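Hi there,

Here is the structure I promised to pass along.

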Amino acid sequence: MDELNNLTIEEMDGDETEGARTAETLHTTHGLMLGSCSDCLDHNLGDFMHESLGRILRFRFRLLNICPNRRVVVGLILFEIVNNLEVPRGFKVITVPAHTNNRCINIDVENVHFLLPDNPHTCVDRRFVVRHMHHYIDFPNNCFTF
């Protein structure tokens, strides 16, 4: 067992992951634990054998006229169009940190990813729709003077 900055890495036996299975073989090389006061984890998982296909959708967007000192929460829902129906494929909730500029500004948000598995026997075009909503998390305290 190695310990580094509250990080514990333990070798695991195959029996410990017996209940964790997917449609493919689940390969477990290490059990990783990030300590409660640790901020990051850097660990090499070794070599992977490519077993399945998939796609990555990466999005970026701009939030317009965001006021200072207010965080914004953004929700994104990804749907795939299958037989003219919207089938949910994933969702993300992102908190955009507050800025300290003295006026409202536009904020660019980049590198929002959705991972999509593919059937290994098909290579077809896929159509998607992204629905979104957002709102401030923080607000002036004088809003709640009763």
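The accessible surface of the protein chain comes to about 11,900 Å², and carbon and sulfur atoms account for 52% of that area. Please keep in mind that this is a predicted model. Of the 146 residues in the chain, 19% are buried.

On the secondary structure, the chain has 8 strands and 0 helices, so to speak of its order from the N terminus is to read β-β-β-β-β-β-β-β. Among contacts between residues at least 6 apart in sequence, 66% join residues at least 24 apart.

Next, the inside. The largest nonpolar core contains 14 residues, and Leu 63, Val 72, Val 74, Leu 76 and Val 96 have the most contacts within it. At least two residues of this core come from each of β4 (54-66), β5, β6 (85-96) and β7 (105-117), with β7 giving the most, 6 residues. In general, nonpolar side chains in soluble globular proteins tend to be buried together. Take Val 96 as one example: beyond its neighbours within four places in sequence, Val 96 touches Leu 63, Arg 71, Val 72, Val 74, Ile 107 and Val 109.

Is Glu 80 buried or exposed? Its relative accessibility is 7%, so Glu 80 counts as buried, the cut-off being under 20%. Setting aside neighbours within four places in sequence, Glu 80 is in contact with Leu 85, Glu 86, Val 87, Arg 89, Arg 126, Arg 127 and Phe 128.

Technical notes:
Residues numbered from 1 in each chain as written. Predicted model: local features only at pLDDT ≥ 70, side-chain atom pairs only at ≥ 80, totals over all residues. Heavy atoms only, no water. Buried < 20%, exposed > 50% of the residue type's maximum accessible area, 1.4 Å probe, protein only. Contact = heavy atoms within 4.5 Å. Core = buried A, V, L, I, M, F, W, Y, C linked by side-chain atoms within 4.5 Å. Helix = DSSP H or I, 4+ residues; strand = E, 2+ residues; numbered from the N terminus. Areas by Shrake-Rupley, 256 points an atom, 1.4 Å probe, with all protein chains shown as cover.
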